[in-house]
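I opened my notebook to look through a new structure step by step. Have it open beside you and follow along.

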Amino acid sequence: MVSDNITTADVPVAALLRVLDSARSFLSQRDRVAAIANGDAAAPRHLADAIDRDFALFYMERAAHALRVAVAEADAARGAPAAEPLRPS
């Protein structure tokens, strides 16, 4: 449950920045996967680009895991239990 009276004093700034960075990375990867799925992404011009595109879902899952870890660490820093069990990376 989220409390309305949590302040940044309850969570170290470094932990909050890790959460924000992880969230940005996850959202970027999610948008990229969606663009590929919708056919909106440009066709790969090189083999390396095609391989990178093939790994897009993997990168999104890795970013999602990093976000879960960052949130769990921020929760732990303020003394709260993790919201859900972490899946293995």
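A note on the source: I am working with a predicted model, where local features need pLDDT of at least 70, side-chain atom pairs count only at pLDDT 80 or more, and totals for chains, interfaces and linings use all residues. Residues are numbered from 1 along each chain as its sequence is written, and side-chain values use heavy atoms, with hydrogens and water left out.

**Entry: the inside**

I looked up burial next. Of the chain's 89 residues, 20% count as buried (buried means under 20% relative accessible area, exposed over 50%, partly exposed in between, with a 1.4 Å probe and protein chains only).

Then I looked for the largest nonpolar core and found 12 residues, including Val 11, Phe 26, Met 60 and Leu 67. Such a core is a set of buried Ala, Val, Leu, Ile, Met, Phe, Trp, Tyr and Cys residues joined through side-chain atoms within 4.5 Å. Both α1 (13–38) and α3 give two or more residues to this core. The most come from α3, with 7 residues.

**Entry: helix α3**

I checked the length of α3. Its 22 residues should span 32 Å at 1.5 Å a residue, and the end C-alpha atoms are 31 Å apart, so the two agree. The expected span is 1.5 Å times one less than the number of residues.

Among the buried residues of α3 I noted His 65 and Asp 75. Their cover includes α1 and α2.

**Entry: the surface**

The chain exposes about 6500 Å², and carbon and sulfur atoms supply 59% of it. These areas come from the Shrake-Rupley method with a 1.4 Å probe; for residues, only the protein chains shown count as cover.

My last stop was Phe 55, in the loop between α2 (47–54) and α3 (56–77). Phe 55 counts as partly exposed because its relative accessibility is 40%.

Note on methods: Helix = DSSP H or I, 4+ residues; strand = E, 2+ residues; numbered from the N terminus. Contact = heavy atoms within 4.5 Å.
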